[in-house]
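Visitor: I am new to this structure and would like to learn how to read it. Please show it and take me through its features.

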Amino acid sequence: MATHDQFADLRPTSPTHNQDTLFTEVLATSFKKYHDAYQKISPNAALSKLPQIVVVGMRNVGKSSLLENITKCSIFPRDNSLSTKTPIRLRLKQVRTAEERKRSVTYQGSTYDVDVDKEVEAGHKDILHIIRDIMQNVEGLGEDDIEVDISETDVPTVEVVDLPGVQKVPPEAEKTSIDLVNKFLRKNDRQTIVLCVIPATAGDFGNNLLSLVPDAASTIIALTKADKVDLEDPDELKDQLFLPLLRRHEDLGQTGGCVAVANRKHSDTVSLEDQRTREAALFRRVLAAATPEFATHDVQQQLIANMGSKQLIVQLAAMYRKHVVEHWIPEAQADARAQLHMAQHLLQQHGPQPEYLQGRLKETLAEIQAEVNFGVVCLGMVEVVSRVMQTAPTYFVAGSSANLLEWVESTIDTKDKLAEVVHKVMMTASKEYELVACKAFDVVFARDTSLQRFPALKDEVKMRNIPNRIVEALGQAKAAITVMVTNAEQQLYNGSLSQQDVVNVFQQLKHSMGRCIAEHMVKSLKHSPFTLPPGFQLVEDDATARESKEQRQHIESLTHAIDDLEELKGATAGDVSQQVHPGTSG
C-alpha cells in the first residue's frame with residue numbers, strides 16, 4: 001500500500017500556490033521566455049507562431065469544465081442547457097504594464113470590450129455573459145470562432161481552442177461536428193497540441209475521436225468524470241482508470257499522455273480552489289482502493305504522475321516545450337536570420353558607416369574627383385567662353401563682319417576693348433564655370449547613395465572646393481591668355497588686314513581662350529586635391545541617421561534574439577531529453 005508521502009503531489013497546495021495561480025506558475029515560466037525571445041524578432045507575431053492547444057471531445061463530456069479548471073478562466077459555458085455551439089478561441093497574453101491590459105470578445109467582426117478594472121472573477125462573468133448571448137443566437141453548430149482576448153500582467157501567453165462536442169445524432173450533426181474538428185486539427189499554418197477529452201466511464205476510449213487526430217504523439221487524453229468510477233469495483237478501477245493512466249489500454253495507441261481529472265459539476269458553486277482540494281482527496285481515495293497489482297511503489301508513482309489537473313498542466317507544458325524545441329525555435333531562428341539579413345542589407349544600402357568614411361576622408365574626396373566626367377566639364381567650359389564672348393560689347397554683338405571691320409578701323413582703344421572682353425571671360429563668367437563643374441559633381445553625388453546622406457560634404461565640395469579651384473584655374477590661365485591677347489592686338493593694328501583677316505583673329509582668340517580655360521579648369525578640378533576644414537565631421541542627414549540608428553538597433557536586437565534562441569534551444573532540449581514519459585509501464 002502507498003505511503004502518505006507518495007501522495008505529496010495530490011495534496012492541496014499552499015495559499016501561495018493556490019488553484020487560481022497554478023496554471024500561471026506552471027506555464028508562464030516556460031512560455032514567457034519563448035514569448036519574450038520572439039517579441040524581439042516579430043513583436044506582432046509571437047502568439048500566432050506558438051503552438052495552440054485544441055480541445056476536442058464528444059458532447060457533454062466536460063470539455064468546458066476542464067478548460068475552466070486548467071486555464072482558471074471561468075468563461076466557458078458548462079451547463080447542459082447551453083453547451084459549446086461554436087468554437088471558442090481563448091488567447092491569453094502576458095503584457096508588461098497595466099496600461100496594456102485588455103479583455104474583449106470578438107465574433108463575426110464585432111468586438112465587445114470588457115472592463116479591465118473589474119476584479120478577475122467579475123470580468124470573467126461579463127465575458128461569459130457575452131458568450132452566452134452569442135451562443136443563444138447560433139443555429140445548430142457554428143463555424144465562426146468566438147475570440148476571447150485576455151491580456152494581463154500575470155497570465156501566460158498561450159492560445160486554447162474549445163471546439164463544440166462531436167455529436168452522434170442526428171447523422172447530419174455528426175458530420176458537421178466532425179468536419180469542424182478536422183478543419184481545426186488539419187490546418188498546416190501552425191503547430192497544434194490536441195487535448196482529447198474522454199469520460200473515464202466511457203469504456204471505449206477510442207470512440208472515433210483518436211482517428212481524427214493527425215498526430216497521436218501530440219495528443220494528451222484527459223479522462224474526465226473520474227469521480228464517477230466505482231471505487232469499490234476493482235475491475236472498474238482497473239479498466240477505467242489504472243490501465244488507461246498506465247497507458248496499457250489498447251485504444252490509447254501512441255498518444256502523448258493520459259491524465260485523469262475531476263472537474264466541477266454544472267451545478268457546483270464551489271470555487272476552483274476548493275475543487276482542487278476535492279480532486280486531490282478523490283485521487284487519494286482512488287490510490288488507496290488499488291488492488292495489490294497497482295499498489296506497488298513504482299506503479300503508484302506512475303499513477304500519481306497522471307492524476308489531477310496539476311499533472312495535466314505539467315504534461316501540457318512538457319509537450320509544449322517539445323513542440324517549441326522541434327518546431328518553433330527552428331522556425332523562429334530562420335525568421336530571425338532572414339530579418340537580420342534584410343536589416344544588414346538595408347543598412348549596407350546606405351553605404352559604409354560614417355566612422356569608416358571619416359577615417360578616410362582624403363581617399364573619399366579623391367574618389368569623388370575620379371568619378372567626375374571631365375570630358376563634359378571641358379565641353380561646358382568652352383561653351384561658356386564662346387557664349388560670354390558673343391555677348392561682350394565688342395564686334396561679337398555687331399550684326400555683321402562689316403560692322404566688325406568698321407569697329408576695328410574706327411577705334412583708337414582696341415587694347416581696352418579686348419581687355420574688357422578678357423575680363424568678362426575670366427572673371428564675370430566664373431559663376432557659370434562653377435555651374436558647369438557643380439552639375440558634373442552633382443551627377444556623382446546622385447549616383448552614389450552613400451554620399452547623398454552627407455549634405456555637409458556635398459556643400460564643402462560645391463561651395464568651397466569648386467569655387468577655389470575655378471579661381472586657381474583662371475589664375476593659371478591668365479598668363480597664357482595675356483600672350484594670346486597681345487598677339488591679337490598686334491594683328492589688329494596691322495593696317496593691311498582684310499575684313500576676313502579681322503574675323504579670323506577674333507575667332508582664333510575665342511577658340512584659344514576657350515581651350516586654355518577648359519584645360520586649366522580640368523587640371524585644377526581633377527588633379528588638385530580637394531580639402532576639408534580642420535575638424536570636419538561627416539554627419540548623416542536627419543532621416544538617414546534616424547533610419548540607420550533604427551536598423552542598427554534592429555540588428556543588435558536580432559543578434560541577441562538569435563543568441564537567446566540558441567541558448568534556449570540547448571536548455572530546453574536538455575529538459576525534453578531528460579523527461580521520462582509520465583505514467584508509462586510495460
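Guide: Strand 2 (residues 88–94) has 6 of its 7 residues buried, so the rest of the structure largely encloses it. Buried means under 20% relative accessible area, exposed means over 50%, and partly exposed lies in between (1.4 Å probe, protein chains only). Helices (H or I, at least four residues) and strands (E, at least two) are DSSP runs, numbered from the N terminus.

Visitor: What kind of model is this, and how are residues numbered?

Guide: This is a predicted model, in which local features need pLDDT of at least 70 and side-chain atom pairs count only at pLDDT 80 or more, while totals for chains, interfaces and linings use all residues. Residues are numbered from 1 along each chain as its sequence is written, and side-chain values use heavy atoms, with hydrogens and water left out.

Visitor: Which strands does strand 2 pair with?

Guide: Two strands pair if DSSP finds at least two bridges between them. Strand 2 runs parallel to strand 5 (residues 146–152), joined by 7 bridges; Leu 90 stands opposite Val 148 there. With strand 6 (residues 158–162) the pairing is antiparallel, over 5 bridges, and Arg 91 has Glu 159 as its bridge partner. In a regular strand, side chains alternate between the two faces of the sheet.

Visitor: How do I read a nonpolar core?

Guide: A nonpolar core is a set of buried Ala, Val, Leu, Ile, Met, Phe, Trp, Tyr and Cys residues joined through side-chain atoms within 4.5 Å. The largest one here has 88 residues, and those touching the most other members include Ile 146, Val 148 and Leu 241. Helix 9 (residues 309–349) gives the most to this core, with 9 residues. Apart from it lies another core of 54 residues, among them Met 389 and Phe 506.

Visitor: Which residues does Leu 241 contact?

Guide: Contact means heavy atoms within 4.5 Å. Leaving aside neighbours within four places in sequence, Leu 241 contacts Ala 200, Ala 226, Val 229, Glu 236, Ala 260 and Val 286.

Visitor: Is Glu 540 buried or exposed?

Guide: Glu 540 is buried, at 9% relative accessible area. This residue lies in the loop between helix 18 (499–527) and helix 19 (542–578). Its side chain makes a polar contact of 2.6 Å with that of Arg 453. A polar contact is a pair of N or O atoms within 3.5 Å; within protein, one must be able to donate a hydrogen and the other to accept it, and residues adjacent in sequence count only if both atoms are side-chain atoms.

Visitor: Where are Lys 72 and Gln 108?

Guide: Lys 72 is in the loop between helix 3 (63–71) and strand 2, and Gln 108 is in the loop between strand 3 (102–107) and strand 4 (110–113). Neither is a glycine, yet phi is positive in Lys 72, near 60°, and in Gln 108, about 50°. Lys 72 is buried at 9% relative accessibility, whereas Gln 108 is exposed at 55%.

Visitor: How many disulfides are there?

Guide: A disulfide is a covalent bond between the sulfur atoms of two cysteines. The search takes a pair of cysteine sulfur atoms within 2.5 Å as a disulfide, and finds 0 in the whole structure. Cys 73 is buried at 5% relative accessibility, and Cys 438 is buried at 13%.
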